[in-house]
Amino acid sequence: MAATTTTAASISAGAGAGGAEDRVLATAQQIVKSLNTPKEVREDMMLIFSSFDNRLSNIKTVMSNQEEDDNDALLARLEAAETVIHRWDGGNDSSRHSSSSSGNHRYSSFSLSFDESPEEATEFLSAVDEIISLLEDLSSENKPDMVDRADSALQMAMSHLEDEFRRILIRNTVPLDAERLYGSMRRVSLSFADGDVVEDFENFGLVADGDGSGSGSRRRLFHERGGSIGCDLWVDLINPTAVEDLKEIAERMIRAGYEKECVQVYSTVRRDALDECLMILGVEKLSIEEVQKIDWKSMDEKMKKWIQAMKITVRVLLAGEKKLCDEIFSASESSREVCFNETTKSCVMQLLNFGEAVAIGRRSSEKLFRILDMYDALANVSQNLEVMVTDNFVCNEAKGVLEALGDAARGTFVEFENNVRNETSKRPTTNGEVHPMIRYVMNYMKLIVDYAATLNSLLENDELDGTSGDDCTEEMSPLAKRMLRLITSLESNLEEKSKLYEDGGLQYVFLMNNIYYIVQKVKDSELGKLLGDDWVRKRRGLIRQYATGYLRASWSKVLSALREESMGGGSSGSPSYGQRSNNSSNSSKMALKEKFRGFNASFEELYRLQTSWKVPDPQLREELRISISEKVIPAYRAFFGRNKSQLEGGRHSGKYIKYTPDDLESYLPDLFEGTQLVIHHPRRKSS
């Protein structure tokens, strides 16, 4: 009351100074209005003013007239805004109250739309702004009827905007062009090199691509890795021309208190759009039980599609969705966050659920590379995912699936190691060539090395049991130690398998073929860097030892027929090819015939056997033939030169002297080709 008295005194003083009654009234009115108090309080204030100065006795009347004018102005503004809002209903009042079958959203029958009638849309937004402003002005007024009308008009406007927001979103969604995306990705393909065709093993948990019969099936092993996505890869998820309209609508709905409804419409429409994108990328909604029942060939395709989809979803779709949410909901930070999380949660969880199903599935060696690809794909986008997604549940699920895929990869690798160590098939290759297990394991190992960084991190804390041989050093990486242990297991396995051959020469050919194959695979790949040059040199020395063993086992009997002491009467001491027999002429010739006959029979038998033996590598095959030539041909040439004259000209000499040294040499290129040949009619060449 003291404040009011002071204010009245100032008015009276002002009147005395100015002398104008209208100025006094105007000042009083301004004071009352500026205090923004309820009507009852204003009336009390006017009574107090009038008690101080009779010139203010009619202030209540003046103020009442002013309020009526203000009410008329407010009503005019309201009616003008209502007219615009009702016009958007197209005169169909009943349509405003129709509800969708999915919820409380009201779908109206429009005669105007933002994209078809931009000028009318602008007028409608202005009307909405006016209603919102009116409600703000009426917040301190005791005008319930006018507030109710404004609320009703605003509710109607929000219904229109909500439906138009939905319509613009749906109509302007840009279908995902998966082919263009795939074409933009940098593709990286790896295959088992040299076109190797290898056999599958039932104890490796493998199924062939063909009839699914498993053991003995043959196929070309091939592994293709998905491409990487460049930072500049971008797609429009919504027509850019529609973004501004969506932003205008969102701003009004947020200002009007309809933020929740706006976010719900956006997240529902865009969630369905992202689900459609996953379908286009080939990712299906499958339960864990359904995933477990899928055959490997189909699963491999689904895993490849998942890998590509994970990269595209996070790097392209989610990044684009984040940008859209930031632009459209720029008026509300909380709306941006909630909207993005709700929109993207479904598609991210669909991807993570498949990853989890793969991680807990049955482990088999052939799944390792796909699982590693999945692990790498998720690991590479995890940071982007955590930056964009603030939903703790989704982020924790992503971390859990990544860990599960890592465990699955590590467990599958360990199972592969166990399969190699425990491979005890008793079926030797018929011709001593490279064992299918060796082909499979070495090509498998070549691909493993491409994942060195990932596997080193996954195997870092694993304790290495068993032996890795003398080649293992502390400086080796975890993967290098595992590779060395695998090859040591292979070498031990080969030694056991070589014993399945009865022929000693074939045992050495088998060992040569397989160790040579291992060395070539190591030398021509990143395995060479892991195992080192010393390892390669030692294995080459081992191959030379096997070659020496082969010559001794296969050709000693042949060469023994050329020794002079076997004709009788020879001098004592070590065998010599240069001594002549001291026996009588007849016994000497008989012995000589037997020697030629024995040599011919031994050579023909070796020829029959060893033409069927297989040395696949051309270089090794040629080196082996050269070593035979250097060992056998000079010895036979010396024997032939010393003794042919004793039998030439005699009866049936052709039965004994069947081959010249050049004849023998012409037969050597037939060895180790894998096709058995028999000498029926000796080739004749000049000596």
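Helices (H or I, at least four residues) and strands (E, at least two) are DSSP runs, numbered from the N terminus. With that in hand, let us walk through the structure. This is a predicted model, in which local features need pLDDT of at least 70 and side-chain atom pairs count only at pLDDT 80 or more, while totals for chains, interfaces and linings use all residues. Residues are numbered from 1 along each chain as its sequence is written, and side-chain values use heavy atoms, leaving out hydrogens and water.

First, the whole chain. The protein chain has 23 helices and 4 strands. Of its 687 residues, 47% are buried, meaning under 20% relative accessible area with a 1.4 Å probe, protein chains only. Among the contacts (heavy atoms within 4.5 Å) with a separation of 6 or more, 78% join residues 24 or more positions apart.

Now look at helix H4, which spans residues 59–87 and holds Leu74. Leu74 is buried, with a relative accessible area of 12%. Setting aside neighbours within four places in sequence, Leu74 is in contact with Leu134, Leu138 and Met146. Asp137 is 63 residues from Leu74 in sequence, yet the two C-alpha atoms are 9.0 Å apart in space.

Our last stop is helix H23, residues 661–667, where you will find Ser666. Is Ser666 buried or exposed? Ser666 is buried, as its relative accessible area is 15%. A polar atom of the Ser666 side chain lies 2.5 Å from the backbone oxygen of Asp663.

Notes:
Buried < 20%, exposed > 50% of the residue type's maximum accessible area, 1.4 Å probe, protein only. Polar contact = N/O pair within 3.5 Å; in protein donor to acceptor, adjacent residues only side chain to side chain.
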